[in-house]
Amino acid sequence: MADTVPMPRVLGIESSCDETGVALVHIQNGVPRLLSHTLHSQVAMHQAYGGVVPELASRDHIQRVLPLVLEVLARSGQEMADLDVIAYTRGPGLAGALLVGAGVACALGYALAKPVLGVHHLEGHLLSPFLSAEAPRFPFVALLVSGGHTQLMHVRGVGHYKLLGETIDDAAGEAFDKTAKMLGLGYPGGPALARLAEQGDPRGFDLPRPLLRSGTLDFSFAGLKTAVAVQLQRLGNAPCEQARIDLAAATQAAIVDVLVSKCLRALDVTGERRLVVSGGVGANRRLREQLDQACAVRGVRVHYPELELCTDNGAMIALAAAMRLDAGRAQATFDYAFDVKPRWDLAAL
Ligand code: KG4
Ligand code: ZN
């Protein structure tokens, strides 16, 4: 490890899964500002396979990252030389995809003689509401709901994360994606299922609310897809359109009910009055409506990232790095020997 330079203009590169995101964040007097960001989604490429193909994802990131870096600089009127720190997603995620972002970030850092910093993807999600118009204040309870994770955290400050509960099997996003697949909806399933559910009756099917009354803050969503499979079996080979729509609505309602109930419990347990919701499932309209309603009654403020920053993006990576540096919780280094962490526990940060 060599010298460290805590500085404010951070370029962030996200490449952990199927989005290549690049952004520039400036932090001044503790207030982060997004100077520009850009994103390339691989959804169209993976759609033909019904899910993310890791090798294709890595190859596509390779082609996209540098042009996106140039685009972000051009949009913000900055030059390479104006960058102070280059941040990248170090994990968790697909190993090959992570290596692309890490490799490019470290090569750029070396070429420009700028320090680099690898950050945690979920910390990016968790802090992303700090880029919204009404940013939260610490401390708060955070619900992290993405394709791979469902966690409740007690957040006291940057880097002070205590795990309150998490899924013991499938993540909430995974539950959306898997049931969407069973209903014949494409990839990515979450938004497609949510769209279909808009016109359905959530009480049309009786689906379980796993671990709802377990007394813990853990989640379990694997049983839900079995319950949906049983309902589909009962409906026969070709369920009518209304049955599919109602089943989508009932699935969404079951997932949302559990998420809302556990959030309220986490607020009770910690005594906090603020809730932050982030990760791809945080874009779900029913979840937002139900949480807003339940929290308003209790005088709890709910913060979300801007809708376009709910799913993976470079802004949250630049932000997490900038906030870590600003809080003195990390050091960007001139050591360009990088590694990635496909599995990485946020609470262990
Ligand atoms: O945070 P994210 O972009 O990637 C991960 O880090 O996993 O989250 C992606 C997940 C997917 O499972 C996707 O289906 C889900 O978020 N998702 C949604 C919605 N938008 C994205 N789930 C339900 N409703 C949505 N509107
Ligand atoms: Zn994510």
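Predicted model: local features only at pLDDT ≥ 70, side-chain atom pairs only at ≥ 80, totals over all residues.
**Notebook: buried and paired residues, cores, zinc**

Residues are numbered from 1 along each chain as its sequence is written, chains are lettered from A and ligands numbered from 1 in the order written, and side-chain values use heavy atoms, without hydrogens and water.

**Salt bridges**

I took the partner of Asp 84 next: its side chain forms a salt bridge with that of Arg 9, at 3.6 Å from N to O (the rule asks for a side-chain nitrogen of Lys or Arg within 4 Å of a carboxyl oxygen of Asp or Glu). Arg 9 sits in strand β1 (residues 9-14) and Asp 84 in the loop between α2 (54-76) and β4 (85-91), so the pair ties together parts 75 residues apart in sequence. Helices (H or I, at least four residues) and strands (E, at least two) are DSSP runs numbered from the N terminus. Arg 9 is partly exposed, at 24% relative accessibility.

I counted 16 salt bridges by this rule. Glu 55 is partly exposed at 46%, and Arg 59 is exposed at 51%.

I then checked Arg 90 and Asp 339, whose side chains meet in a salt bridge at 2.7 Å, N to O. Arg 90 is in strand β4 and Asp 339 in the segment after α10 (315-326), so I logged a link between distant parts of the chain, 249 residues apart. Asp 339 is partly exposed, at 38%. I also noted one network, in which salt bridges with shared partners join Asp 170, Glu 174, Lys 178 and Lys 225.

**Nonpolar cores**

Which residues touch the most other members of the largest nonpolar core? I read off Leu 152, Leu 259, Leu 275 and Val 277, in a core of 50 residues (a core is a set of buried Ala, Val, Leu, Ile, Met, Phe, Trp, Tyr and Cys residues joined through side-chain atoms within 4.5 Å). Elements giving two or more residues to this core include β6, α5 (172-182), α7 (222-235) and β9 (274-278). Helix α8 gives the most, with 16 residues.

I listed the contacts (heavy atoms within 4.5 Å) of Leu 259 beyond four places in sequence; among them are Leu 143, Val 145, Phe 219, Phe 221 and Leu 287. A second, separate core has 35 residues, including Val 25, Ala 87, Phe 140 and Ala 330.

**Zinc and the end of α4**

I looked up the donors of the zinc ion (ligand 2): His 121 (NE2), His 125 (NE2) and Asp 312 (OD) coordinate the ion at 2.0 to 2.1 Å. Donors are N, O and S atoms within 2.8 Å of the metal (3.2 Å for Na, K and Ca); water is not among the atoms, so sites may look incomplete. I wrote their spacing as H-x3-H-x186-D. His 121 and His 125 both lie in helix α4, about one turn apart, and both are buried.

I ended with Ser 128, in the loop between α4 (121-127) and β6 (140-145). Ser 128 is buried at 1%. Its contacts, leaving aside neighbours within four places in sequence, are Ser 278, Pro 305, Leu 309, Met 316 and Leu 319.

Conventions
Buried < 20%, exposed > 50% of the residue type's maximum accessible area, 1.4 Å probe, protein only.
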